[in-house]
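Keep the 3D view open as you read.

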Amino acid sequence: MEKLIVEGGRQLSGEVRISGAKNAALPLIAATLLAPGKHTLRNVPDLRDTRTFMRLMGELGVTSERNGNTVTLDSTQLVHAEVSYDLVKTMRASVLVLGPLVARLGRARVSLPGGCAIGARPINFHIMGLEALGVSCRLENGYVDAEISTPLQGNVIYFDIPSVTATENLLMAAVLAEGTTVLKNVAREPEIGNLIDMLNGMGAEIEGKDSGRLTIKGVTSLRPADCRIIPDRIEAGTYLMAIAATGGNGMVTHCNPSHLPSLLEKLRAVGLIVVETKDTISINWPEGDTNSYRKLRSVDIKTMPYPGYPTDLQAQFMALMTISSDVSMVNETIFENRFMHVAELRRMGADIKVDGHSAVVSGKGMRGLNGAPVMATDLRASSSLVVAGLAATGRTEITRIYHLERGYENLVEKLTGLGARVWKESV
Ligand code: EPZ
């Protein structure tokens, strides 16, 4: 086990290169199951979660090879269609093989993901959608046994909640169904657009990208993919808030500003000057705003499905608000237990009161936090502790950093490149 040491109070500056998106890489790796042959995925981040997913694909018979951030996967020979609880319990996104396995092999046996730190994480919409396409799904002994006795049939499917991975699972099942499928009230996250572009490049016929309604005309077969993973908007937002929390000026590169519409407006509301180009975002402070007088305005956020404020950037923004100059409200509407970072931020001196899905943050002003030993509980909560540790005076030690390694490629190198003093030590 390792811990991350953060010597806070140093202003970050300079440029940081953003990696490929974890939440695009996972569904796109799963989609290679849909067509036998050699697929090439580019800009794939090297993370704990992508390594776990490749292991899972290996168990299904897919051989893969990584060369830098390019990954080739050969899905010609699938050996079986079962995904064990051991794998799924470490990474819920394993459920993303359900749709493509049923479409390719006509069956799949995938362990129910179970809950995680941030919520119960049910998959009822995944099951409802597959059953609408003619799949029989039996839930027993903690597994989903999915099977078709006749070819998948297109249908109209309405989602009560725009679920990201349910939309992705149903897209991957419908592309090889007979007839046309219409998915209504679907999620519109950019990672879904990346999957649609990949599938259409493989010969699928999907219309409605970035809208709330997708029309999929089933085809009989697909060809191997060669496509690029989009930049990680959550990683980009995390670094922007880390730079802001230290009173620094900086730029994230190799990103897509149009994927962060709500965060960039919130950073402007906080008082920062945010400049976008095609693939960079830079933040600066207003003229005359000298270090000693740097102030962050207190701003409210409410997490919503894309293009609303992303739940995956809620914890990091809360960390930023703990050093703002007034009082702000954070309202989490997507997951039922996504305030695990609050107790840890309080250990650093933050003043946060939680009432159900809302948290009232009374800002302590810049340098208002003190370093402390804290514990990571889930991926994004742990990145909020890094943001707070960078802003705090003194040393912060973060344990259980395997959470961080799930979603942030080369974190220590990237932060060091911005002038941070961070390193890992064994516990
Ligand atoms: C995806 O999770 C992301 N994971 C999450 O990122 C992200 O927080 C989430 O979307 C919301 O944006 C991946 O893409 C791998 P949902 P997902 O289905 O698809 C309820 C991270 O940190 N729901 O969009 O599991 C659900 O409980 C991770 O990178 C059902 O009720 O989330 C939640 O309240 C964390 N039944 C809401 O919908 C279902 O069948 C939205 O969840 C499915 C979901």
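**Around the ligand**

Domain 1 (2-19 + 231-426) and domain 2 (22-228) each contribute residues to the shell around the ligand, so the ligand lies between them; the domain bounds come from an automatic or database domain assignment. This is a predicted model, in which local features need pLDDT of at least 70 and side-chain atom pairs count only at pLDDT 80 or more, while totals for chains, interfaces and linings use all residues. Residues are numbered from 1 along each chain as its sequence is written, and side-chain values use heavy atoms, with hydrogens and water left out.

The ligand has 21 residues around it, and Asn124, Ser163, Thr165, Asp312 and Ile334 come nearest (a residue is near if one of its heavy atoms lies within 4 Å). Look next at the ligand's oxygen atoms: a polar side-chain atom of aspartate 312 sits 2.6 Å from one, and a backbone N or O atom of phenylalanine 125 is 2.8 Å from an oxygen of the ligand. The protein covers 88% of the 830 Å² of accessible area that the ligand has on its own (Shrake-Rupley method, 1.4 Å probe).

By class, the shell holds ten nonpolar, six polar and five charged residues; here Ala, Val, Leu, Ile, Met, Phe, Trp, Tyr, Cys and Pro count as nonpolar, Asp, Glu, Lys and Arg as charged, and the others, Gly among them, as polar.

Now for the cysteines. The disulfide count is zero, taking a disulfide as a pair of cysteine sulfur atoms within 2.5 Å. The sulfur of cysteine 255 is too far for a bond, because the closest cysteine sulfur, in cysteine 227, is 20 Å away.

How values were computed: A polar contact is a pair of N or O atoms within 3.5 Å; within protein, one must be able to donate a hydrogen and the other to accept it, and residues adjacent in sequence count only if both atoms are side-chain atoms.
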